[in-house]
Amino acid sequence: FFIRFFAMQNPEEDTQWNDILREKGILPSKEKSTAEITENELGDMMEKTIEEKQLGSRKALEDMTLDELEELEDEEDERIMLQYRQKRLAEMKLLQSKRRFGEVNEITAVDYVQEVNNAGEGIWVVLHLYKQGIPLCSLVNQHLSRLASKFAETKILKSISNLCIPNYPDRNLPTIFVYRGGEMKGQIVGPLEVGGMNLTLDELEWKLSKIGAIETDLDEDPWKKRRVRDVLSSQMGVRAANDSDDD
């Protein structure tokens, strides 16, 4: 009876009896149908298939010929150069957007509101009041021309003093006003504050950077060297005076 009953059963059917026989090893294990495969198992199968296709389409480096290796290298070089070119173009566009000025422009009182007060949001404006025939004013103008080229995102202007501010006293020249958003942010007034005829380009750059008009790339305050020189000159002057008195 047992043998006849067993023979009558379909080994592929999902019956309790067939499950018992599979556990005992009498019937082979039944493979999962597609419907019984879990979502995770299906995902793993798809990833494995994709990897196999990628590996099949990609030749191992050690199996490539010299020509194939050169072709691969050319493709990589082209990709790297394209990325570098795109990066440089982005950098140049950013730099171009910042370089709005680049030179010192002359203004008068008529231009003041438009050029200074209405310069634009976030724009730093440096205005030098000067007069022709004053050597220190000429020196400051020379330095500002170089700074305008270096810091083209800052608007640098100059104006003959009495054409900008009537009756402006010569003793206050040179005068440098610094504005942002139409508001004055700092001023450097008179020969002593400017630094005298020994004023260097770095010293003026540092002064303007401390106000905020420019972002200097100088690592060290150049005025420290000036103070050391002044102390040494003072000491030499005292020494020379003492020697003269001794004579």
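Modeller: Residues are numbered from 1 along each chain as its sequence is written. In this predicted model local features need pLDDT of at least 70 and side-chain atom pairs count only at pLDDT 80 or more, while totals for chains, interfaces and linings use all residues, and side-chain values use heavy atoms, with hydrogens and water left out.

Biologist: How do you know how many helices and strands there are in the chain?

Modeller: Helices (H or I, at least four residues) and strands (E, at least two) are DSSP runs, numbered from the N terminus. The chain has 10 helices and 5 strands.

Biologist: Why is S159 called buried?

Modeller: Buried means under 20% relative accessible area, exposed over 50%, and partly exposed in between (1.4 Å probe, protein chains only). S159 has 0%, so it counts as buried. S159 lies in strand β3, residues 155-160. Contact means heavy atoms within 4.5 Å. Leaving aside neighbours within four places in sequence, the contacts of S159 include E106, I107, L127, Y130 and C164. Over the 247 residues of the chain, 26% count as buried.

Biologist: What makes K131 and D170 a salt bridge?

Modeller: A salt bridge is a side-chain nitrogen of Lys or Arg within 4 Å of a carboxyl oxygen of Asp or Glu. The closest N and O atoms of K131 and D170 are 2.9 Å apart, so the pair meets the definition. The pair links distant parts of the chain, 39 residues apart: K131 is in the loop between β2 (124-130) and α6 (135-150), and D170 in the loop between α7 and β4. K131 has 23% relative accessibility and therefore counts as partly exposed. D170, at 39%, also counts as partly exposed.

Biologist: How many salt bridges does this rule give?

Modeller: The count comes to 6. One of them is K185 with E183, at 3.6 Å from N to O.

Biologist: What makes K150 and E205 a tie between parts of the chain?

Modeller: K150 and E205 form a salt bridge, with the closest N and O atoms 3.2 Å apart. K150 lies in helix α6 and E205 in helix α9, so the bridge ties together parts that are 55 residues apart in sequence. K150 is partly exposed at 38% relative accessibility, whereas E205 is buried at 1%. Salt bridges that share partners join K150, E205 and D217 into one network. In helix α9 (residues 201-211) the buried residues include L204, E205, W206 and L208.

Biologist: Which peptide bond is cis?

Modeller: The bond from L173 to P174, with omega near -5°. Most peptide bonds are trans. P174 lies in the loop between α7 (161-164) and β4 (175-180).

Biologist: What makes D67, E70, E71, E73, D74, E75 and E78 a patch of negative charge?

Modeller: Patches are made of residues with over 30% relative accessible area and no salt bridge, with like charges joined within 9 Å and nonpolar side chains (Val, Leu, Ile, Met, Phe, Trp, Tyr) within 5 Å. Lys and Arg count as positive and Asp and Glu as negative, while His and the chain ends are not counted. The place of a charge is NZ of Lys, CZ of Arg, CG of Asp or CD of Glu. The listed residues gather in such a patch on the surface. One of them, D74, lies in helix α4, residues 66-98.

Key. Areas by Shrake-Rupley, 256 points an atom, 1.4 Å probe, with all protein chains shown as cover.
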